[in-house]
Amino acid sequence: MRKTHVVVFALAALVLQTSAKDALAWRYRWPGVIPEVAERTLEPTKRVVLDEKVRVEVSCAEDSGAAAEWIAGKMAAWFARKPSAVAVKSGELPEGDEAYVLGAKDGRLFVRSKTMQGIRWAAMTLRQLAQPVRGTLTTQAYEVPEFTVTDRPET
């Protein structure tokens, strides 16, 4: 074998080893969300996978049932997995017509807003935060860190 082949194989092995370590040591980096959200908390080492097993709890003063179905439909279109969406009437709703609270914790996702427009803003934020699950050859699912976002879009 020629020296160049040995060097190429050694570099390829190093890249594969580094990629495997990176996949195992998952740590989320907050992306540039546009526009930036008003408040956020983040647990970058814990994640919630956005697949059909994730429970999505939606609370909307206008119509929680329609909002839950809308969110589930968007997630199916964006992430190729339709979650179980549940309309709930719990949690404190944020002040403001288009304000929302969006979060992920303990294997579930929650969205709260007074209006459907707030639910839409929350969905757009979720789309920006989701990243493909690492360590697979093809995209199997998307994931987000455990987080909470409170935002009051300016119109």
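Ala80 is exposed in this predicted model, with a relative accessible area of 54%. Exposed here means over 50% relative accessible area, buried under 20%, and partly exposed in between, with a 1.4 Å probe and protein chains only. Ala80 is not a glycine, yet its phi is positive, at about 60°. The residue lies in the loop between helix 2 and strand 3. Helices (H or I, at least four residues) and strands (E, at least two) are DSSP runs, numbered from the N terminus.

The model is predicted; local features need pLDDT of at least 70, side-chain atom pairs count only at pLDDT 80 or more, and totals for chains, interfaces and linings use all residues. Residues are numbered from 1 along each chain as its sequence is written, and side-chain values use heavy atoms, with hydrogens and water left out.

The protein has 3 helices and 7 strands. Along the sequence they follow the pattern α-β-β-α-β-β-β-α-β-β. Of the 155 residues, 36% are buried. A contact is defined by heavy atoms within 4.5 Å. Among contacts between residues at least 6 apart in sequence, 64% join residues at least 24 apart.

Strand 2 spans residues 55-60. Of its 6 residues, 5 are buried, so strand 2 is largely enclosed by the rest of the structure. Two strands pair if DSSP finds at least two bridges between them. Val56 has Ala85 as its bridge partner in strand 3. Between strand 2 and strand 3 the chain passes through helix 2 (residues 64-79), and this β-α-β crossover is right-handed. The term applies if, with the strands pointing away from the viewer, the path from the first strand over the helix to the second runs clockwise. Glu57 stands opposite Val86, again in strand 3. In a regular strand the side chains alternate between the two faces of the sheet. Strand 2 also runs parallel to strand 5 (residues 108-113), with 6 bridges joining them. Here the bridge partner of Cys60 is Ser113.

Helix 2 also packs against helix 3 (residues 116-129): contacts involve Ala67, Trp70, Ile71, Met75, Trp78 and Phe79 in helix 2. Their counterparts in helix 3 are Met116, Ile119, Arg120, Ala123, Met124, Leu126 and Arg127. The two axes come within 11 Å and cross at roughly 25°. Axes are lines fitted to C-alpha atoms, for helices over the stretch in contact, and angles run from 0 to 180 degrees between N-to-C directions. Helix 2 and helix 3 are therefore roughly parallel to each other. Angles under 35 degrees count as roughly parallel, over 145 as roughly antiparallel, 65 to 115 as roughly perpendicular and the rest as oblique. Helix 2 passes helix 3 in a right-handed crossing. A crossing is right-handed if the near helix is turned clockwise from the far one by less than a right angle, and left-handed if anticlockwise.

The loop between strand 3 (84-87) and strand 4 (100-105) holds Pro94. Lys89 is found in the loop between strand 3 and strand 4 as well. Pro94 is buried, at 9% relative accessibility. Lys89, at 69% relative accessibility, is exposed. With residues up to four places away in sequence left out, Pro94 touches Ala99, Tyr100, Val101, Arg112, Ser113 and Lys114. On that basis, Lys89 touches Ser59, Cys60 and Ser64, again not counting residues up to four places away in sequence. The C-alpha atoms of Pro94 and Thr150 are separated by 7.9 Å, although the residues lie 56 residues apart along the chain. Lys89 and Val58 are 31 residues apart in sequence, and their C-alpha atoms are 8.1 Å apart in space.

Asp106 has a positive phi, near 50°, and is a residue other than glycine. Asp106 sits in the loop between strand 4 and strand 5. At 61% relative accessibility, Asp106 is exposed. The peptide bond from Ile34 to Pro35 is cis, with omega near -10°. Pro35 belongs to the loop between helix 1 (3-24) and strand 1 (39-50).
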